[in-house]
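Please look first at the sequence and the 3D structure shown here.

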Amino acid sequence: MKMMVNYAHDFLKEIMRNQDIAVDFTMGNGHDTLFLAKHAKQVYAFDIQRTALEKTAKRLEEAGLNAAFLTLDQVAEVRHRPGVYLIEDDHAFCRQYLPYFKAGIFNLGYLPGQKHEITTLAKTTLIALKDALDLLIPGGRIVLVVYPGHEAGRLESQAIDCFVQALDGHDYQVMSLSMANKHQSPYLVVIEKVQR
Ligand SMILES: C[S@@+](CC[C@H](N)C(=O)[O-])C[C@H]1O[C@@H](n2cnc3c(N)ncnc32)[C@H](O)[C@@H]1O
């Protein structure tokens, strides 16, 4: 079987066209940003760790793609300019940076190989997810790779499950994919905004 993150990419690839805008809410080592950059016109990627931006910029460069670091005062300037924009900020502030978008990914938890204390948290993840759903265009999808195997991840997974189960079925279709016989293992949540 594939890893959950690969299923996450499959669900995004299915709806992405090369004129779309995509968002990586947790840039990390840049694997997801690179994936989005290959399928979208414009990509915004967030992380609170400078090292994540540096690693992602390097990964993109090695793949022959350019990325620019983006600050709040430059947002209007790049709004209609194709490219990959790396943002050193909390995804809880994503609304200040983002236009409407078609595809988004939250690959939660901590950066492999770095401090486990710097991890996504239920409170800020939910703030970002709510804003992201407002900005998602109809027919667009947000995928979350959730890691309940550590304490902050367990609390975050409970908060996410509770939140998505309460989303109105007329507005959103929500699917989850998990290992039925491994309860602590990572799982996937896919949210699609219904097209009317
Ligand atoms: C599991 S890693 C992401 C993996 C990554 N997408 C990749 O392809 O390598 C989670 C990342 O989320 C970042 N993070 C944690 N809290 C955050 C927040 N509030 N806003 C933005 N990024 C955050 C961490 O710094 C970490 O790099």
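## The second largest pocket

The second largest pocket has a volume of about 180 Å³, where a volume is the space filled by probe spheres set on grid points that are joined across faces, edges and corners. A pocket here is an open set of points, on a 1 Å grid over the protein atoms alone, where a 1.4 Å probe fits and protein lies on both sides within 12 Å along at least five of seven lines, and its lining residues have an atom within 4 Å of a point. Among the residues that line the second largest pocket are Lys 2, Met 3, Tyr 147 and Pro 186, and by class this lining holds seven nonpolar, one polar and two charged residues.

## Basis of the model

This is a predicted model, in which local features need pLDDT of at least 70 and side-chain atom pairs count only at pLDDT 80 or more, while totals for chains, interfaces and linings use all residues. Residues are numbered from 1 along each chain as its sequence is written, and side-chain values use heavy atoms, with hydrogens and water left out.

## The largest pocket

The volume of the largest pocket is about 620 Å³, and of the 29 residues that line this pocket, Asn 107, Leu 108, Gly 109, Tyr 110 and Leu 111 lie nearest its centre. The lining divides into twelve nonpolar, 13 polar and four charged residues.

The space taken by the ligand is this largest pocket, given that a molecule sits in a pocket if more than half of its atoms lie within 2 Å of the pocket's grid points.

## Around the ligand

There are 21 residues around the ligand, and Thr 26, Asn 29, Asp 32, Asp 47 and Gln 49 come nearest; a residue is near a molecule if one of its heavy atoms lies within 4 Å of it. This shell divides into six nonpolar, eleven polar and four charged residues.

A nitrogen atom of the ligand lies 2.6 Å from an N or O atom in the side chain of Asp 32, and a backbone N or O atom of Thr 26 is 2.7 Å from a ligand nitrogen atom. Taken alone the ligand exposes 600 Å², of which the protein buries 96%, with accessible areas from the Shrake-Rupley method and a 1.4 Å probe.

Definitions and conventions: Polar contact = N/O pair within 3.5 Å; in protein donor to acceptor, adjacent residues only side chain to side chain. Nonpolar A, V, L, I, M, F, W, Y, C, P; charged D, E, K, R; others polar.
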